[in-house]
Amino acid sequence: MTKWMGAALAAAMLMAGCAKVEGEKFVGHWVNVESQDDTMDIERNGDSFMVRNTTPRFFSRKPKTESYPAIYKDDVLQVSNDGETVNFAIDQANGHLRTGSDEYQRVPAK
């Protein structure tokens, strides 16, 4: 009986560990491939994610950061903004993050 309980506990811990890594491939610092001034930082926010997008303002060119909540679902990151949801996906061919109209490349941590 103790053997089975140990095996069940190990399986439960393994499943719990796997659940925490879902969406982890999105976490990091990303830079737009067309504009180095457009960056995105994606981080965990409890069970969900927070996306912080920094872009230069139109006239002053000073950086402006906006934050958006996101959830991981069906292998995409669903980002909500003003009632609209945008799916972020990672292109398996090159590892770039695609947001629909924009493409970002991951910047390795230093």
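Reader: How many bridges join S4 to S5, and which way do the two strands run?

Author: This is a predicted model, so take everything here as computed. Strand S4 covers residues 63–73 and strand S5 covers residues 76–81. They are joined by 4 bridges and run antiparallel.

Reader: And what stands opposite Lys 73?

Author: That would be Val 76, in S5.

Reader: How many residues sit between S4 and S5 in the hairpin?

Author: There are 2 residues between them. Asp 74 is in that turn, with a positive phi of about 55°.

Reader: Is Asp 74 buried or exposed?

Author: Exposed, with a relative accessibility of 66%. Asp 74 belongs to the loop between S4 and S5, and its positive phi occurs in a residue other than glycine.

Reader: OK, moving along the chain. How does S5 pair with S6?

Author: In the antiparallel sense, over 5 bridges, with S6 made up of residues 84–90. If you want a spot to look at, Ser 80 is placed opposite Thr 85 of S6.

Reader: Which residue takes a positive phi in the S5 and S6 hairpin?

Author: Asp 82, with phi near 50°. This hairpin has 2 residues between the strands. Asp 82 lies in the loop between S5 and S6, and here too the positive value is found in a residue other than glycine.

Reader: Buried or exposed, that Asp 82?

Author: Asp 82 counts as exposed, at 78% relative accessibility.

Reader: Switching to charges. How many salt bridges does a search of the whole structure find?

Author: The search turns up 6 salt bridges. One of them links the side chains of Lys 25 and Asp 75, at 2.7 Å from N to O.

Reader: Where do Lys 25 and Asp 75 lie?

Author: Lys 25 is in the loop between helix H1 (2–21) and strand S1 (28–32), while Asp 75 is in the loop between S4 and S5. The pair therefore ties together parts that are 50 residues apart in sequence.

Reader: How accessible are Lys 25 and Asp 75?

Author: Lys 25 is partly exposed, at 31% relative accessible area. Asp 75 is also partly exposed, at 41%.

Reader: What about Arg 52, which side chain does it meet in a salt bridge?

Author: Arg 52 meets Glu 43, at 3.0 Å from N to O. Arg 52 has a relative accessible area of 29%, so it is partly exposed. Glu 43 is partly exposed as well, with 33%.

Reader: And Glu 66, what does it form a salt bridge with?

Author: Lys 64, with the closest N and O atoms 3.6 Å apart. Glu 66 is partly exposed at 34% relative accessibility, and Lys 64 is partly exposed at 36%.

Reader: Which residues do salt bridges with shared partners join into one network?

Author: Asp 91, Arg 98 and Glu 103.

Reader: Pockets next. What volume does the largest pocket have?

Author: About 290 Å³.

Reader: How many residues line the largest pocket, and which lie nearest its centre?

Author: The lining has 15 residues. Asn 53, Tyr 68, Val 86, Phe 88 and Thr 99 are the ones nearest the centre.

Reader: Which strands each supply at least two residues of that lining?

Author: S3, which spans 48–56, along with S5 and S6.

Reader: How much of the chain do buried residues make up?

Author: Buried residues account for 25% of the 110 residues.

Reader: Last one. Among contacts between residues at least 6 apart in sequence, what share join residues at least 24 apart?

Author: That share is 33%.

How values were computed:
Residues are numbered from 1 along each chain as its sequence is written. This is a predicted model: local features need pLDDT of at least 70, side-chain atom pairs count only at pLDDT 80 or more; totals for chains, interfaces and linings use all residues. Side-chain values use heavy atoms; hydrogens and water are left out. Two strands pair if DSSP finds at least two bridges between them. A salt bridge is a side-chain nitrogen of Lys or Arg within 4 Å of a carboxyl oxygen of Asp or Glu. Buried means under 20% relative accessible area, exposed over 50%, partly exposed in between (1.4 Å probe, protein chains only). On a 1 Å grid over the protein atoms alone, a cavity is a set of points where a 1.4 Å probe fits but cannot get out, and a pocket is an open set with protein on both sides within 12 Å along at least five of seven lines; lining residues have an atom within 4 Å of a point. Grid points are joined across faces, edges and corners, and a volume is the space filled by probe spheres set on the points. Contact means heavy atoms within 4.5 Å.
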